[in-house]
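Reader: I'd like to go through this one label by label. Can you back each term with a value and a cut-off?

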Amino acid sequence: MSTLLLKRRLLITIFLLLTTGYLQAHSGPLNQIALKACDVKSRSQSCQYEAGHQSLYIGTCQYMSEVLMCVRNQPIQKIEANNNESTTEEHKHD
């Protein structure tokens, strides 16, 4: 095989690996938490939820693929580890 063909295959493989990682980063459990944050809310109402690593996501409830979920519209905020609120749940919902 020519060197050019090998380089091309390598670039395609790297691109596919990076794309797959990106797609996986935007799916999974976090989306379920974002859905639950808008369970009893309507479109455009404010929402927030706590994700792993003490991160607070703040946004509004918006329709995504015909379901209402919390869409972040502010920077992710770090939650202080020494706050007075203690919870046994890993995630909190607004």
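Reader: What makes Tyr 57 count as buried?

Author: Keep in mind that this is a predicted model. Tyr 57 has 14% relative accessibility, and buried means under 20%, so Tyr 57 counts as buried.

Reader: And Tyr 49, buried or exposed?

Author: Buried: the relative accessible area of Tyr 49 is 5%, against a cut-off of under 20%.

Reader: Why are the rings of Tyr 49 and Tyr 57 called a pair, and what makes the pair stacked?

Author: There is 1 aromatic pair in the structure, and this is the one: the ring centres of Tyr 49 and Tyr 57 are 5.1 Å apart, with 10 degrees between the planes. Rings pair if their centres lie within 6.5 Å, and planes under 30 degrees apart count as stacked. Both values pass, so the pair is stacked.

Reader: How do you know that Cys 38 and Cys 61 form a disulfide?

Author: By distance. Their sulfur atoms are 2.0 Å apart, and the cut-off is within 2.5 Å. The pair therefore qualifies as a disulfide. Both cysteines are buried, too.

Reader: What makes the disulfide of Cys 38 and Cys 61 left-handed or right-handed?

Author: The torsion about the S-S bond. For Cys 38 and Cys 61 the angle is about -95 degrees, so this disulfide is left-handed. Cys 38 sits in the loop between α2 and β1, while Cys 61 belongs to strand β2, so the bond ties together parts that are 23 residues apart in sequence.

Reader: How many disulfides does a search of the whole structure find?

Author: The search turns up 2. The link of Cys 47 and Cys 70 has 95 degrees about the S-S bond and is right-handed. Cys 47 lies in strand β1 and Cys 70 in strand β3, 23 residues apart, so distant parts of the chain are linked. Cys 47 and Cys 70 are buried as well.

Reader: What is the pairing if you number the bonded cysteines in sequence order?

Author: The pairing comes out as 1-3, 2-4.

Reader: Why are strands β2 and β3 called paired?

Author: Two strands pair if there are at least two bridges between them. Strand β2 (residues 55–64) and strand β3 (residues 67–72) are joined by 6 bridges, so they pair. The two strands run antiparallel. β2 and β3 form a hairpin, with 2 residues between them. In the turn, Ser 65 has a positive phi of about 55 degrees.

Reader: What makes up the largest nonpolar core?

Author: The core has 12 residues in all, including Ile 33, Ala 37, Leu 68 and Met 69. Tyr 49 and Tyr 57 also belong to this core, as do Cys 38, Cys 47, Cys 61 and Cys 70. To join, buried nonpolar residues need side-chain atoms within 4.5 Å. At least two core residues come from each of α2 (29–36), β1 (46–51), β2 and β3.

Reader: Where does that leave the chain as a whole?

Author: From the N terminus on, the elements run α-α-β-β-β-β, that is, 2 helices and 4 strands. Of the 94 residues, 19% are buried. The chain exposes about 7500 Å², with carbon and sulfur atoms supplying 56% of that area.

Notes
Residues are numbered from 1 along each chain as its sequence is written. This is a predicted model: local features need pLDDT of at least 70, side-chain atom pairs count only at pLDDT 80 or more; totals for chains, interfaces and linings use all residues. Side-chain values use heavy atoms; hydrogens and water are left out. Buried means under 20% relative accessible area, exposed over 50%, partly exposed in between (1.4 Å probe, protein chains only). Accessible areas come from the Shrake-Rupley method with a 1.4 Å probe; for residues, only the protein chains shown count as cover. Rings of Phe, Tyr and Trp (its six-membered ring) pair if their centres lie within 6.5 Å; planes under 30 degrees apart count as stacked, over 60 as edge-to-face and the rest as tilted.
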